[in-house]
Amino acid sequence: MRPCPHTHMHILNVHEFSKTFTIHAINREVPAFTNVSFHLQPGELLVARGANGVGKSSLLRCLYRTYLPSAGHAIYQAQQGTVDLARAAEVDIALLRRNEIGYVSQFLRPRPRVSAIELVMEPLLLAGVPADDARMRAGDWLSRLGLKAAIWPAYPSTFSGGEQQKINLARALIAPRRLLLLDEPNAALDPGARAALRERLSVLKSEGVAMIGVFHHIEDVRDLVDSEVKIANSQ
Amino acid sequence: MLRPYGIRYDMTPTYFDPPRLTADRPLLTAWGLRKTYGRVTAVSGVDLEVYPGETLGIVGESGSGKSTVLRMLNLEEPANAGDYRLNLAAYAGENLLGLDRYRRRELRVTQIGIVYQQPHMGLRMRVSSGGNVAERLIMAGERSFATLRTAARDSLAESEFPLDRLDDPPRLLSGGMQQRVQLAKAIAMRPALLLLDEPTTGLDVSIQALVLDTLLRLRRERRIATVVVSHDLGVIRTLADRVLVMRGGQVVEHGLADQVLDDPQHPYTQQLVHAKL
């Protein structure tokens with residue numbers, strides 16, 4: 001079966017996408033989500049809805065290929081060509097992660113001895129931005145999210161959950177992306193940072209960035225949402 | 001191109017598409033690497049590719065064959081069978097496993113750098129640190145003392161080695177500093193391929209983090225293709241883009257590093273990952 005014919009309009013076309021975890025130690029199959037289909041245009045924000053534990057995050061992770069999808073297709077229009085995220089070569093996925101597809105997870109994975117500002121600069125450095133420029137843009141992001149300059153050189157492993165989340169957001173949103181996967185980006189944020197995030201998502205949308213999100217505070221972004229997809233599994 | 005080990009445990013073939021977006025060709029391509037010691041098979045049918053600027057991790061427990069693979073890639077351990085190529089003009093179309101002694105040495109000096117877990121395997125412990133790095137350049141034919149000194153200093157500085165200790169021999173240095181000297185020696189000739197064998201195993205956690213940071217910076221600044229072998233999944237998660245999981249001399253699973261660690265497919269990988277978390 002082929003995906004929806006109007007592919008040329010879409011940056012992403014997801015067709016009968018499914019994920020089941022096989023846990024060998026207990027010989028069990030655990031479905032995460034089953035037969036999810038949707039499509040997405042540039043500048044569109046799509047929200048994944050569903051009860052707790054139906055695999056909304058798993059859907060985002062399968063699109064990013066942190067999880068290996070079990071079935072279906074996710075046809076993505078990259079700048080250099082069309083690929084199926086479900087089965088694209090690993091090097092192509094790595095390339096897309098560097099240049100086109102961003103993932104905003106709920107939790108920061110701090111690295112020992114890497115400062116907050118360096119973590120935020122890193123995606124820019126990987127994209128070849130000079131260090132001074134990267135440092136300036138990272139500082140701009142951190143201050144907009146309300147993180148005081150005094151703690152930028154500190155190591156985030158000691159920071160509060162909210163502070164870590166701000167660093168994570170800045171890191172995930174600082175480099176230009178064509179598709180953003182937002183996994184509860186506003187879950188642990190204070191109201192000021194939530195407003196800053198909403199403002200930033202609105203700008204990205206107007207710039208044509210396509211987004212798929214799972215939101216804890218859906219009211220923050222309600223007027224930005226264009227469409228939604230219901231996630232369920234067959235369990 | 002279909003990978004022979006691109007097969008899921010349940011035997012449903014999961015053939016990945018060939019690269020469509022990546023314009024690069026792999027720097028390193030190895031097929032069917034095999035190594036036996038008498039009747040013991042250490043490595044059997046291992047295939048791997050590494051792209052320029054990419055880091056490939058190899059994980060597995062002791063005896064899985066991962067270090068043997070690394071030593072075969074360094075041409076210090078002869079393979080019983082296999083095909084190993086580097087996409088470099090001087091070696092185009094050649095199976096490097098068949099190089100004569102002279103060209104093998106030349107390739108190792110100019111294009112391959114290695115960092116061993118045990119510093120004494122890669123360094124002369126009683127020669128100055130600067131001298132250890134310069135030796136690499138001398139082997140490549142450099143004779144001018146001034147050039148040697150400058151190049152050794154530059155390489156040590158890039159490895160974040162404190163230059164006031166340039167004249168100290170490695171035996172007087174801490175474990176972390178010894179690894180920096182090995183790294184400086186490994187990158188002195190600007191090789192195309194960097195091999196890391198448990199580069200931070202045995203170091204204090206905080207020292208380990210500093211060495212890993214240096215490696216990440218080097219990877220970003222130079223586009224060296226890197227293969228890192230470690231039993232430490234934290235090191236692999238930090239450094240590797242892609243991962244091979246080895247057991248009993250064979251690759252049982254491969255994938256993007258976060259995918260292998262967060263959604264392992266093979267029963268052995270699931271056991272390995274869950275034992276660590």
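Across the interface of chain A and chain B, 5 salt bridges are found, a salt bridge being a side-chain nitrogen of Lys or Arg within 4 Å of a carboxyl oxygen of Asp or Glu. The structure is a predicted model, in which local features need pLDDT of at least 70 and side-chain atom pairs count only at pLDDT 80 or more, while totals for chains, interfaces and linings use all residues. Residues are numbered from 1 along each chain as its sequence is written, chains are lettered from A and ligands numbered from 1 in the order in which they are written, and side-chain values use heavy atoms, with hydrogens and water left out.

A salt bridge joins A:E122 to B:R220, with 4.0 Å between the closest N and O atoms. On the side of chain A that touches chain B, at least two residues come from each of β1 (12–23), β5 (81–84), α2 (90–99) and α3 (116–126). Helices (H or I, at least four residues) and strands (E, at least two) are DSSP runs, numbered from the N terminus. The most is given by α2(A), with 8 residues. Sorted by class, this side of chain A has 20 nonpolar, 7 polar and 11 charged residues. Here Ala, Val, Leu, Ile, Met, Phe, Trp, Tyr, Cys and Pro count as nonpolar, Asp, Glu, Lys and Arg as charged, and the others, Gly among them, as polar.

In total, 38 residues of chain A and 32 residues of chain B take part in the contact, where contact means heavy atoms within 4.5 Å. The two chains bury about 2900 Å² between them, and carbon and sulfur atoms give 56% of this area. Buried area is the accessible area (1.4 Å probe) that two parts lose on being put together, summed over both. Of the area that chain A buries against chain B, 24% is supplied by A:H24, A:L68 and A:E90, more than by any other three residues.

Within chain A, the domain assignment gives domain 1 (1–100 + 178–235) and domain 2 (107–176); such bounds come from an automatic or database domain assignment. The centres of the two domains, taken over C-alpha atoms, are 24 Å apart. In domain 1 of chain A, 12 residues are in contact with 10 residues of domain 2 of chain A. The area buried between these domains is about 980 Å², with 66% of it on carbon and sulfur atoms. On the side of domain 1, A:A188, A:L189 and A:R200 lose the most area to domain 2, together 36% of what that side buries.

The interface of the two domains of chain A has 1 salt bridge. A salt bridge is also formed by the side chains of A:D190 and A:K166, at 2.7 Å from N to O. Helix α6 (residues 191–206) of chain A gives the most to the side of domain 1 that touches domain 2, with 5 residues. That side of domain 1 comprises 8 nonpolar, 1 polar and 3 charged residues.

Individual residues were also examined. A:V214 lies in strand β8 (residues 210–214) of chain A. With a relative accessible area of 3%, A:V214 is buried; buried means under 20% relative accessible area, exposed over 50%, and partly exposed in between (1.4 Å probe, protein chains only). Beyond its neighbours within four places in sequence, A:V214 is in contact with residues including A:A48, A:L60 and A:P185.

In chain B, B:D47 belongs to strand β2 (residues 40–50) and counts as buried at 7% relative accessibility. The side chain of B:D47 reaches the backbone nitrogen of B:G32 at 2.7 Å. Helix α1 (residues 66–73) of chain B is mostly covered, with 7 of its 8 residues buried. B:E160, in the loop between α5 (145–158) and α6 (175–187) of chain B, has a positive phi of about 60° although it is not a glycine.

Definitions and conventions:
A polar contact is a pair of N or O atoms within 3.5 Å; within protein, one must be able to donate a hydrogen and the other to accept it, and residues adjacent in sequence count only if both atoms are side-chain atoms.
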